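Please consult the sequence and the model alongside the text.

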Amino acid sequence: GRIAFLLGLSAGTNVLLHWRLGPSGTVSRGLCGAVLLFDALVLTALLHATGGSSNPFSVLYLVYITLAAMLLGAVWTWGLTLLAVVAYGSLFLSHDHAEHMGHDYATHLRAMWFAFAN
């Protein structure tokens, strides 16, 4: 239920963006940036629902950062980077990996977040 809803929501925003492009094939930086921010938040919700910080798809945050760097410039890129670091970090608050996998695994995951943030 919830995962399908989130995937549909993300797909829907991308369909709307495609529709908004129209024949001109252009869209404002603001709209494109807003969609990337929204998609990063949806990714966070999906990761939260499917394993939190231990989900290997957390690497997808880098796709949004890369797209911002290629399409939107420094301000959007830094904003999206900050959002991704905070969002990825927030996933540690919702799952206790040390309880399930041991202290070393939890340390490993925190080190992955630290590497991502740097």
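## Fold and helix packing

Among contacts (heavy atoms within 4.5 Å) between residues at least 6 apart in sequence, 67% join residues at least 24 apart. This is a predicted model, in which local features need pLDDT of at least 70 and side-chain atom pairs count only at pLDDT 80 or more, while totals for chains, interfaces and linings use all residues. Residues are numbered from 1 along each chain as its sequence is written, and side-chain values use heavy atoms, with hydrogens and water left out.

The protein contains 6 helices and 0 strands, in the order α-α-α-α-α-α along the sequence. Helices (H or I, at least four residues) and strands (E, at least two) are DSSP runs, numbered from the N terminus. Of the 118 residues, 32% are buried, where buried means under 20% relative accessible area, exposed over 50% and partly exposed in between (1.4 Å probe, protein chains only).

Two packed helices are described by the angle between their axes and the distance between the axes. Axes are lines fitted to C-alpha atoms, for helices over the stretch in contact, and angles run from 0 to 180 degrees between N-to-C directions.

| Helix pair | Axis angle | Axis distance |
|---|---|---|
| α1 (residues 2–21) and α2 | about 170° | 10 Å |
| α2 (residues 29–49) and α4 | roughly 15° | within 10 Å |

With this angle, α1 is roughly antiparallel to α2, whereas α2 and α4 are roughly parallel to each other. Angles under 35 degrees count as roughly parallel, over 145 as roughly antiparallel, 65 to 115 as roughly perpendicular and the rest as oblique.

On the α1 side of its contact with α2, the residues include Ile3, Leu6 and Leu17, and those of α2 include Val35, Phe38 and Val42. By class, this contact of α1 with α2 has 12 nonpolar, 4 polar and 3 charged residues. Ala, Val, Leu, Ile, Met, Phe, Trp, Tyr, Cys and Pro count as nonpolar, Asp, Glu, Lys and Arg as charged, and the others, Gly among them, as polar.

Helix α4 spans residues 74–94 and includes Thr77. Thr77 has a relative accessible area of 14% and is therefore buried. Not counting residues up to four places away in sequence, Thr77 touches Ile65, Ala68 and Ala69. The side chain of Thr77 also reaches the backbone nitrogen of Ala69 at 3.1 Å.

Methods
Polar contact = N/O pair within 3.5 Å; in protein donor to acceptor, adjacent residues only side chain to side chain.
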